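Q: Hi! I have a model open and would like to talk it through with you. Could you take my questions as they come?

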Amino acid sequence: MWPAVKQMKEKSYNRGRLELSEHLVNIHLLSVEQAAMGLNLTVEEYLAAVKNLKK
């Protein structure tokens, strides 16, 4: 697979995981800490990623 296509697929997959975890946090099924841990991020990294997602 071409590197650019592979990178786009990975970026899309990671964005989808972030959007899903944010939704689960918003409906109180996950805590922020659980969402961050599920994505292998620190809480600060998770919050920054969610903030960037909304831009």
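Q: Let's start simple: what share of the 55 residues counts as buried?
A: Of the 55 residues of the protein, 18% count as buried, where buried means under 20% relative accessible area, exposed over 50%, and partly exposed in between (1.4 Å probe, protein chains only). Keep in mind that this is a predicted model, where local features need pLDDT of at least 70, side-chain atom pairs count only at pLDDT 80 or more, and totals for chains, interfaces and linings use all residues. Residues are numbered from 1 along each chain as its sequence is written, and side-chain values use heavy atoms, with hydrogens and water left out.

Q: Good. How many helices and strands does the protein have?
A: There are 3 helices and 0 strands, in the order α-α-α from the N terminus. Helices (H or I, at least four residues) and strands (E, at least two) are DSSP runs, numbered from the N terminus.

Q: And what box do the C-alpha atoms fill?
A: Roughly 40 × 20 × 20 Å, taken along the principal axes.

Q: Switching to charges: how many salt bridges turn up in the whole structure?
A: The search finds 2 salt bridges, each a side-chain nitrogen of Lys or Arg within 4 Å of a carboxyl oxygen of Asp or Glu. One joins Arg15 and Glu19 at 3.0 Å, N to O. Glu22 and Lys54 form a salt bridge too, at 3.3 Å, N to O.

Q: How far apart in helix H1 are Arg15 and Glu19?
A: They are 4 residues apart in helix H1 (residues 3-26), so about one helical turn separates them. Arg15 is partly exposed, with a relative accessible area of 44%, and Glu19 is partly exposed as well, at 37%.

Q: Pockets next. What volume does the largest pocket have?
A: About 230 Å³. On a 1 Å grid over the protein atoms alone, a pocket is an open set of points where a 1.4 Å probe fits, with protein on both sides within 12 Å along at least five of seven lines; lining residues have an atom within 4 Å of a point. Grid points are joined across faces, edges and corners, and the volume is the space filled by probe spheres set on the points.

Q: Which residues line the largest pocket?
A: Lys11, Asn14, Arg15, Arg17, Leu18, Leu39, Leu41, Ala49, Asn52 and Leu53. H1 and H3 are the elements that give two or more residues to that lining, and H1 supplies the largest share, 5 residues.

Q: Last topic: which residues make the nonpolar patch on the surface?
A: Trp2, Val5 and Met8, with about 380 Å² of accessible area together. Patches are made of residues with over 30% relative accessible area and no salt bridge; nonpolar side chains (Val, Leu, Ile, Met, Phe, Trp, Tyr) are joined within 5 Å. Met8 is in helix H1 and counts as exposed, at 58% relative accessibility.

Conventions. Patch = residues over 30% accessible without salt bridge, like charges linked within 9 Å, V, L, I, M, F, W, Y side chains within 5 Å. Areas by Shrake-Rupley, 256 points an atom, 1.4 Å probe, with all protein chains shown as cover.
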